[in-house]
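Visitor: Hi! I'm new to this one and would like a short tour. Could you walk me through it?

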Amino acid sequence: MYAHKNTLVLLSCFLCFQVLAKEQHSPVTTFFDYQLYQKPSNSIPLSSLPSQVLNADVVLVGEWHSHSAVHRFQSDLYRLLLDKNDNVALSMEQFSRPAQSTLNQYLNNEIGELALIAHGNAWPNYTSDYRAIVEQAKAANMPVIAANAPRDIVRCIGKIGPDYLKQLNSEERKFVAAQLDTSDRPYKANFTEMMDGVDKGVIEKMYAAQVSWDETMAESIAMHIKNNPEHQVMHTAGKFHVENGMGIAYSLNKRMPELKIALITPVNEVSSTSKQSPFPEYQLLVLPLPDQVVSGALNHGMSTHPHSDAKTNCE
């Protein structure tokens, strides 16, 4: 009798350990799988998120655009944050400031999704990658911040430089951050390294365009928090805008240094936490995306970044 009970207890403990071990060391084998890490030896199940994330004023979640696992993680994380806090606003790179009124109309059930996509200039992958998280915010009666600068203005900054902003009327100028910091710093050095072989003058203009995105998203988040100090904010953006705290976090910290900011960036291989980041940074392990182009092969159907719009006229 007692031996039987002991056997059942041991079996129960073993099964609990197996479930726990599976949660803590979830294998990443498909494009829907992810695993969060603080460092290579420390995987983190979502059920045990550290206080640095749960209690952050702003959580910046980097992404590889169109990666299924990253978008699944964003949705899972946002749901968990909402479970812990009734006031978690969603901020998105994927909508620019002119779309804010359209987004508000959609969240208030005044228009349907087709109108949101058309009049809000939603990215081509909206329905597959961003619909879920916007619907979560809508169901929770939470605002969605159209945080980014308009792609046509940013593209012209990349062609002409920051002086292009002087051509804008007062209404258009509000769509881009009031101040752009294009000074020399490690972020600029990293950007320049990525643009290896490109003319220096061209790089300066392209960097100004990059910064205009970072600064505008940071300013949008800061303005929302100043108007809604009870809100935590989760923001989604491309990885380069987030990693090492050099992009959005740097710009946000300049505006509101008292904010607690946490970073999450996707990786294909977990490494020692970057010493470059002054903010808590976590790594999201996912599978690498498939090769988009194969050298020497026919490459039909090549697509561009969602920001792309070759028809922009900067005159």
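Visitor: What does Lys138 lie over?
Guide: Lys138 lies over the face of Tyr106, at 3.8 Å from the ring centre. Keep in mind that this is a predicted model.

Visitor: And which ring does the charged end of Arg185 sit over?
Guide: That would be the ring of Tyr250, with the charged end of Arg185 3.6 Å from its centre.

Visitor: Since we're on rings, how many aromatic pairs does the structure hold?
Guide: There are seven aromatic pairs. One of them is formed by Phe191 and Phe240: the ring centres are 6.5 Å apart and the planes meet at 55 degrees, so the pair is tilted.

Visitor: Where in the chain are Phe191 and Phe240?
Guide: Phe191 is in helix α9, while Phe240 is in helix α11, which covers residues 239–242. They are 49 residues apart, and the pair links distant parts of the chain.

Visitor: Are Phe191 and Phe240 buried or exposed?
Guide: Both Phe191 and Phe240 are buried.

Visitor: Which residues do ring pairs link into a cluster?
Guide: The cluster consists of Tyr187, Phe191, Tyr207 and Phe240.

Visitor: Changing topic: how many salt bridges are there?
Guide: The structure holds 12 salt bridges.

Visitor: Which residue does Lys188 form a salt bridge with at 3.2 Å?
Guide: With Asp184, where 3.2 Å separates the closest N and O atoms.

Visitor: Lys188, Asp184 and Glu204, then. How covered is each of them?
Guide: Lys188 has 8% relative accessibility and counts as buried. Asp184 is exposed, with a relative accessible area of 70%. Glu204 is partly exposed, at 35%.

Visitor: What about Glu215 and Lys254, how do their side chains meet?
Guide: The side chains of Glu215 and Lys254 meet in a salt bridge, 3.4 Å from N to O. Glu215 lies in helix α10 and Lys254 in helix α12 (residues 248–255), so the pair ties together parts that are 39 residues apart in sequence.

Visitor: Is Glu215 buried or exposed?
Guide: Glu215 counts as buried, with 1% relative accessibility.

Visitor: Which residues are linked with them in a network of salt bridges?
Guide: The network of salt bridges links Glu215 and Lys254 with Asp181 and Arg255.

Visitor: OK, on to cysteines. Which residues does a disulfide join?
Guide: Cys156 is joined to Cys314, with 2.1 Å from S to S. The count comes to one disulfide.

Visitor: What is the torsion about the S-S bond?
Guide: The torsion for Cys156 and Cys314 is about -90 degrees, so the disulfide is left-handed. Cys156 is buried, and Cys314 is buried as well.

Visitor: Last topic: backbone angles. What is phi of Ser66 near?
Guide: Phi of Ser66 is near 80 degrees, a positive value in a residue other than glycine. Ser66 is found in the loop between β3 (58–63) and α3 (68–84), and counts as partly exposed at 40% relative accessibility.

Visitor: And what about Asn109?
Guide: Asn109 has a positive phi of about 60 degrees, although it is not a glycine. Asn109 is found in the loop between α4 (100–107) and α5 (113–119). At 60% relative accessibility, Asn109 counts as exposed.

Methods:
Residues numbered from 1 in each chain as written. Heavy atoms only, no water. Disulfide = S-S within 2.5 Å. Buried < 20%, exposed > 50% of the residue type's maximum accessible area, 1.4 Å probe, protein only. Phe/Tyr/Trp six-rings, centres within 6.5 Å; stacked < 30°, edge-to-face > 60°. Helix = DSSP H or I, 4+ residues; strand = E, 2+ residues; numbered from the N terminus. Lys NZ or Arg CZ within 6 Å of the ring centre and 35° of its normal. Salt bridge = Lys/Arg side-chain N within 4 Å of Asp/Glu carboxyl O.
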